[in-house]
Amino acid sequence: MARHFKEQDIDEFRECFSLYARNGQIRTLDQLTVIMRSLGMSPTISELKKYFKEKGGKMSFPDFLDVMHKHSQVEKIPDEILAAFKGHDPTHTGTIPARELKHILLHWGERLSHKEVEQIFREANISPGGVVRYQDFCRIVCAPVPDYY
């Protein structure tokens, strides 16, 4: 299964897997949930149950890599982010005021710090008093991080 991920990703997965599956296997749905969510995935409960059942109620690390690959093909983070932005755009302009985006980033979900929001705005070339074309913003924040190795 290693052919699906970069070596750096596999190392991160292995570290997280080892932290929560100390005996070398995932044996509970809760373990699988914590590990996948710790790695930035957002599987639903039904998806988690399906993955766990497919692996016979326990998972070794290679089984877990297979599940991570399957789920990465299903999870469409950019689409989910765009859908959330569209919910804040009742007039369908394709934009959101920068101040509203800042408020969302500071106060909703996994909250960011003021410093993190300022950095995102700087990198995305967003002026604090302007508007954000959320499709462009989504493309910027969802772009893969360059691999400088």
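This report describes the fold, the ring pairs, the salt bridges and one surface patch of a predicted model.

Residues are numbered from 1 along each chain as its sequence is written, and side-chain values use heavy atoms, with hydrogens and water left out. Because the model is predicted, local features need pLDDT of at least 70 and side-chain atom pairs count only at pLDDT 80 or more, while totals for chains, interfaces and linings use all residues.

## Overall architecture

The chain comprises 8 helices and 2 strands. Both kinds of element are DSSP runs numbered from the N terminus, helices being H or I with at least four residues and strands being E with at least two. Read from the N terminus, the order of elements is α-α-α-α-α-β-α-α-β-α. The C-alpha trace spans about 50 × 35 × 25 Å along its principal axes.

Of the 149 residues, 31% count as buried. Here buried means under 20% relative accessible area, exposed means over 50%, and partly exposed lies in between (1.4 Å probe, protein chains only). The accessible surface of the chain comes to about 10,000 Å², and 53% of this belongs to carbon and sulfur atoms. These areas come from the Shrake-Rupley method with a 1.4 Å probe; for residues, only the protein chains shown count as cover.

A contact means heavy atoms within 4.5 Å. Among contacts with a separation of 6 or more, 57% are made by residues 24 or more positions apart.

Helix α2 covers residues 29-38 and includes V34. Its buried residues are L32, T33, I35 and M36. The cover over these buried residues includes α1 (7-20), α3 (45-54) and α4 (61-74). V34, by contrast, is partly exposed because its relative accessible area is 36%. Together with L19 and Y20, V34 makes a nonpolar surface patch of about 250 Å². Patches are made of residues with over 30% relative accessible area and no salt bridge; like charges are joined within 9 Å and nonpolar side chains (Val, Leu, Ile, Met, Phe, Trp, Tyr) within 5 Å. After α2 comes G40, with a positive phi near 90°.

## Aromatic pairs and cysteines

A pair of aromatic rings is described by the distance of the centres and the angle of the planes. Rings of Phe, Tyr and Trp (its six-membered ring) pair if their centres lie within 6.5 Å; planes under 30 degrees apart count as stacked, over 60 as edge-to-face and the rest as tilted. By this rule there are 6 aromatic pairs. One of them joins F5 and F13 edge-to-face, at 4.9 Å centre to centre and 85° between the planes. F5 and F13 are both buried.

The pair of F85 and Y134 is stacked, because the ring centres are 5.3 Å apart and the planes stand at 10°. This pair links distant parts of the chain, with F85 in helix α5 (residues 77-87) and Y134 in helix α8 (residues 134-141), 49 residues apart. F85 counts as buried at 7% relative accessibility, and Y134 is buried at 6%.

C16 is buried, with a relative accessible area of 10%, and C138 is buried at 2%.

## Salt bridges

Side chains of opposite charge can pair when their charged atoms come close. The structure holds 6 salt bridges, each a side-chain nitrogen of Lys or Arg within 4 Å of a carboxyl oxygen of Asp or Glu. The table lists three of them.

| Pair | Closest N to O distance |
|---|---|
| D11 and R14 | 3.9 Å |
| K55 and D66 | 2.7 Å |

K55 lies in the loop between α3 and α4 and D66 in helix α4, so their bridge ties together parts that are 11 residues apart in sequence. D66 is buried, with a relative accessible area of 14%. K55 and D66 also belong to a network of salt bridges with E54 and K70.

D11 and R14 both lie in helix α1, 3 residues apart, about one turn of the helix. D11 is partly exposed at 42% relative accessible area, and R14 is partly exposed at 40%. D136 and R139 are separated by about one helical turn because they stand 3 residues apart in helix α8. D136 is partly exposed at 29%, whereas R139 is exposed at 54%.
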